Amino acid sequence: MKLDNSIILTFDVEDWFQVENLKKNISFSSWSERELRVEQNTLRLLDLLEGSPKAWGGDVCKRNEPLRATFFILGWVAERVPHLVREIVARGHEVASHGFYHNLCSEGSLQDLINDLSDSRKLLEDITGSPVHGYRAPSFSISPKVLSLIAECGYTYDSSYNSFAANTRYGRLELISNGCGIAVRVLPSFFELPVSNLEIAGHIIPMGGGGYFRLMPALLFKRAVKSILEKQGSYLFYMHPWEIDPQQPRVKNLPFSYRFRHYVNLDSAASKLVDFISSFGGCRFITCKDYIDMVAADTAQGPIR
Ligand SMILES: [Zn+2]
């Protein structure tokens, strides 16, 4: 299948103070007083992905072909740094929505969620002048009902399902593979594109990225991705710009588990990402939308709009 050896890198563009694990310690009303670091961290990521040493002191990816990734951007961030959104597009990547205020989809009213889905999409479309096709729920808080609302709000795909059930915030979906690679065609013109994990003897091992990527030895992680690529053909990874920022302010009085998850190996995450990308030189790094377009072109129901 021509989807084989595709790696989809995704980045949830939010700042260090917007993370769910810190919510009890950092109120929403204080966000605007916090040090905004998302712009510099995202620019570092863009340089790193491009193999450009500009504004980036460490190693860079060495690739023969350009790499394209998907950036799920929080509306609150896009409102403050619209030029960053345009820069992401100018560098050849896809812009998608991570909602407006990082509220879990499992909390609040349905109308609030519909507003969040619509407003965040419209804002990004106004900034970029192009359609926005994809959505990722904060903390993967998806459900069948939320998935149908995302489709109703005009998105082409959702990428909010993470099958690792040990994190209780992650939502559940029953997805049945229907010949679309790692994507699942939920409606004729709407797809779910789940985060990749490794399944061994019925157990799900988290290999999609984030804190698990920072925690896991690089060699082990790369072996697991290789195994996923052999079994499933494609692999989807996620990460946040704050995960390559060891200088971010430290939040006091966090429970140990949250402190560990948020701060573990921040100083080595960027070089680990470079090493990871460089190790899969034979793979094609494409956006979620590119992947969905290939799936749609490949399957019987034809291309989507
Ligand atoms: Zn998020």
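Tutor: What follows covers a pair of helices, then one end of the chain. This is a predicted model, where local features need pLDDT of at least 70, side-chain atom pairs count only at pLDDT 80 or more, and totals for chains, interfaces and linings use all residues. Residues are numbered from 1 along each chain as its sequence is written.

Student: At what angle do the axes of α4 and α5 cross?

Tutor: Helix α4 (residues 110–128) and helix α5 (residues 144–152) cross at roughly 45 degrees, and their axes come within 10 Å. Helices here are DSSP runs (H or I, at least four residues) and strands likewise (E, at least two), numbered from the N terminus. Axes are lines fitted to C-alpha atoms, for helices over the stretch in contact, with angles from 0 to 180 degrees between N-to-C directions.

Student: OK, and which residues make the contact?

Tutor: Leu 113, Ile 114 and Leu 117 of α4 meet Val 146, Leu 149 and Ile 150 of α5. Contact means that C-beta atoms, placed from the backbone, lie within 7 Å.

Student: Which residues of α5 are buried?

Tutor: Val 146, Leu 147, Leu 149 and Ile 150 are buried in α5. A residue is buried with 20 or more other C-beta atoms within 10 Å of its own, exposed with 12 or fewer, and partly exposed in between.

Student: What do they pack against?

Tutor: The buried residues of α5 pack against α4, β4 (134–135), β5 (157–158), β6 (184–187) and β7 (190–192).

Student: New topic. Is Lys 2 buried or exposed?

Tutor: Lys 2 is exposed, because 11 other C-beta atoms lie within 10 Å. Lys 2 sits in the segment before β1 (6–13).

Student: How far apart are the C-alpha atoms of Lys 2 and Met 294?

Tutor: Those of Lys 2 and Met 294 are separated by 8.3 Å, though the two are 292 residues apart along the chain.

Notes: Two residues are in contact if their C-beta atoms, placed from the backbone, lie within 7 Å.
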